[in-house]
Amino acid sequence: GCAVLEAAFQRYWALLFAAARPTENKQPWGTPCTQLLVFVATPGCDGFPSLDSKESCEYRGREREGKGTVCGFLAGLETFSQLVGRDENGMYYINKTEIVDFPRFPHRGLLLDTSRHYLPLKAILETLDVMAYNKFNVFHWHIVDDPSFPYESSTFPELSKQGAFHAMTHVYTASDVQMVIEYARLRGIRVIAEFDTPGHTLSWGPGAPGLLTPCYLGKDPSGTYGPINPILNSTYQFVTSLFQEVSAVFPDFFLHLGGDEVDFTCWKSNPNIRAFMKEMGFGEDYKKLESFYIQRLLDIISSLGKGYIVWQEVFDNAVKVRPDTIIHVWKENPTPYTEEMANVTKAGYRALLSAPWYLNRISYGQDWMAAYQVEPLKFEGSSEQKDRVIGGEACMWGEYVDVTNLAPRLWPRAGAVAERLWSNATVRDLQDAYVRLADFRCKLLGRGVQAQPLFVGYCENEFAGF
C-alpha cells in the first residue's frame, strides 16, 4: 500500500534485470530467493520527505527480509542493487550479508544552477536518478539568477516572458516544476528552491518594472540597474506576492533566500537611496540597508509559514534572523570556512557546508580526493556546536556547464561528497574509496550515466550508455 516503495521496486527491477533473457525475467534470483519481505516502520509513507525524515534500514540476506523507514528503504534498495551480481551462466546471485545502515547527516544536497545555462527537464530528472543512486536527499534548485529567469510564474508571467533566454523553449512551466517535485519525492529527495535576492536579480527587471534600483552616473540615470530597490513599498508588495506563490508551489518547509554578493555600487549612486540612508541613520554603511531589506523579506517568509536557508553573508552582516535559520557556508576567503562554521554554530544557528565542494571547479587529476578528505566537523567548537551542522551540499554552478557536460562533470566526483555526508567519519581510506568509487562508476555507465573516469582502466559495460 505504499506507492513510493512500489515505484522504487519497479525502478530497481528494471535496473537490475532489464538485460535478462525472457526466461530469466520470471525468476531472476532463482528459486531459493524469489521474495524480499519488507517491514516499513513509518506511517504516511507517501508524503513528502523532510529534514526530520528518518533514513535507517536493516537488511538480512540470510532471512531475505528487511525493516526500516521509507526513506531508509529507498537508500537500502540502492545498496541492495549494488550487491547483486551475475555469473558467467547469466544467473543472478547475491552473497549472504547483513547490513545496518543510516546516514551521518540529514541534509545531503546537490545544487544545480539553471539560470546561467538552462538545463532541459530531462537532464534534471536524470540528475535526480543519479542523486538517488548516490543517496543524496536534497535537490537545491538555484532556479533563477542574473542571466535568466526560467521559472514561469502564474502571478507574474512577464518575469519569464521577459527574463528567460527564450520565453517558450527555455522556461520551466508549472507542470515541469510539479514533475520535478514528484519525481524527487518518489526517490526520497526534497526539492528546495532558491530565489536569491536582493542581488543576483538582473533578469527580474524586464518583467517587473520598478523593482530594480536605477543606477546613476553623476546626477543622471545611467540606464543600467542594480539590486532590488529596498526603499519602496511596492518592492515588498511584489516580493510578498511572488513568495506566496513560491511557497504554495514548493512543498518543502524550507526556501533558500540567497542574500549573497550584493554589490552596493548602484545603491551608492542613487540619490533617493542616499536620502533614505540619511533618513534612517544608516550613514554610509550599506550593509545596514541590505539588512533592512533582508529582515523584511525574512518576516514575509515567516508569515507564510516557511523556514529559510540563507547564504553566509546574511549572518556575517548581522541580520536579525530567527533561531531556526540555517546558514549556508560557501566562502573560503577572507575567513576560512572552518572558522565560519565555528562562528555560525557558536551563535546557535544550524549550518550547511558547501565551501570545499564546488564541483564546477575542475583540475587535472583526481580532484575527487580533496572533496572526499573534507571533514565537515573539523573546526573548534563544542559538541553542541557540531550537532548544529546538519550536512552540506555539492554545488554545480552553471557559468561553464550545460546539458553537454553536466553528467560527466558531476559523476562520479559528486559521489565523494555523498559518501562524506552519509558514512561514518571513520570511513576515510582513500585507496579503499578509489576501488569502490571506480566500481560504482562502472555501474553508473551500465545504467546509462555518462560518468567520467577516475583514472586509467576500463569497465566491461563502458559503452552501454552510448
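This section describes the cysteines and disulfides of the structure. The model is predicted. With sulfur atoms required to lie within 2.5 Å, the count comes to two disulfides. A disulfide is a covalent bond between the sulfur atoms of two cysteines.

C215 sits in strand β10, residues 212-217, while C266 belongs to helix α7, residues 265-269. The pair therefore ties together parts that are 51 residues apart in sequence. C215 is buried, at a relative accessible area of 11%. C266 is buried as well, at 6%.

The pair C442 and C459 also forms a disulfide, and here the sulfur atoms are 1.9 Å apart. About the S-S bond of C442 and C459 the torsion is about -75 degrees, so this disulfide is left-handed. The bond links distant parts of the chain, 17 residues apart. C442 lies in helix α16, residues 430-446, and C459 in the segment after α16. C442 is buried, with a relative accessible area of 16%. C459 counts as buried too, at 5% relative accessibility.

Other cysteines were also examined. The closest cysteine sulfur to that of C71 is in C2, 9.7 Å away, which is too far for a bond. C71 counts as buried, with 13% relative accessibility. C395 is likewise buried, at 0% relative accessibility.

Definitions and conventions: Residues are numbered from 1 along each chain as its sequence is written. This is a predicted model: local features need pLDDT of at least 70, side-chain atom pairs count only at pLDDT 80 or more; totals for chains, interfaces and linings use all residues. Side-chain values use heavy atoms; hydrogens and water are left out. Helices (H or I, at least four residues) and strands (E, at least two) are DSSP runs, numbered from the N terminus. Buried means under 20% relative accessible area, exposed over 50%, partly exposed in between (1.4 Å probe, protein chains only).
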